[in-house]
Amino acid sequence: MDRSISAVGFLDGVSLVRVETSVDIDMATADVFHYATAPYLWHTWHPATAAVSNVPSRPIGLGETVRERIHVGLKRFETTWTVVECRPPDTWVIVTDSGQGVARIRYIVSPLAGGSRFTRILEYRSRVWPWRWIDSSLMRWILSRQSRRALNQLKRVLES
C-alpha cells in the first residue's frame, strides 16, 4: 500500500532552496527511523527545535501533525508540520506553511553494512522580505551548518 498523501498545493510551482545532509549511524534502519520520526525526541538531537506540542510519545505517521517552536539564527516562529509520506523504515516526509514560508523535510534511511545512512533533505522558501532575499545565501549557510550539527548529534545520541 502506498503510504503517502498527494502533492501539497502550496509547494507546487515554488522554487525551493535545498539543503541535503547525511550521516552514517551504527544502528539498524528501523531503529534510526523510529527515533528520528518521533517529534517528542527532536529536542534531543536537532538544535532548531525549541519545543514541540500536540504529539504522542511515539513516531507520527501519515496525516498526523506536530506543532513545533523553531529557533533558526535570528528567526523565532511556530509552525505545524504534517506527515505527507510515511514508508517505514526508509522514507518520511513532512511539510509546513508557517505563513512566513513553506518547507518540506524528507528523511531517508538506507541500510549499510553494520548500520544505516540517515539523509535529511530540507527544502524551503520564505515569503517575506528580507528572509526571501537571503534564502539561497545566508539562510542556506546557517541551515546547512545547523543540519550538520543536528545529524552529528543524532549519531551521538543513537550510538551512545
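Student: Which strands does helix α2 lie across?
Tutor: In this predicted model, helix α2, residues 131–159, lies across β1, β3, β4 and β7. Its direction runs at about 15° to β1.

Student: And what does helix α1 touch?
Tutor: Helix α1 (residues 29–36) packs on the sheet and touches β1, β4, β5, β6 and β7. Its direction makes about 160° with that of β6.

Student: OK, the sheet itself then. What's the strand order?
Tutor: Reading across, the order is β1-β7-β6-β5-β4-β3-β2. That is an open sheet of 7 strands with antiparallel pairing. The edge strands are β1 (17–25) and β2, each of which pairs on one side only. On average, neighbouring strands are turned by 25° against each other, direction ignored.

Student: Let's zoom in on β3. Which of its side chains are buried?
Tutor: The side chains of β3 (residues 65–72) alternate. V66, E68, I70 and V72 point to one face and are buried.

Student: How many bridges join β3 to β4?
Tutor: There are 8 bridges between β3 and β4 (residues 75–87), and these strands run antiparallel. For instance, R69 stands opposite E78 in β4.

Student: What about the turn between β3 and β4?
Tutor: The two strands form a hairpin with 2 residues between them. In that turn, G73 has a positive phi of about 55°.

Note on methods: Residues are numbered from 1 along each chain as its sequence is written. This is a predicted model: local features need pLDDT of at least 70, side-chain atom pairs count only at pLDDT 80 or more; totals for chains, interfaces and linings use all residues. Side-chain values use heavy atoms; hydrogens and water are left out. Buried means under 20% relative accessible area, exposed over 50%, partly exposed in between (1.4 Å probe, protein chains only). Helices (H or I, at least four residues) and strands (E, at least two) are DSSP runs, numbered from the N terminus. Two strands pair if DSSP finds at least two bridges between them. Axes are lines fitted to C-alpha atoms, for helices over the stretch in contact, and angles run from 0 to 180 degrees between N-to-C directions. Contact means heavy atoms within 4.5 Å.
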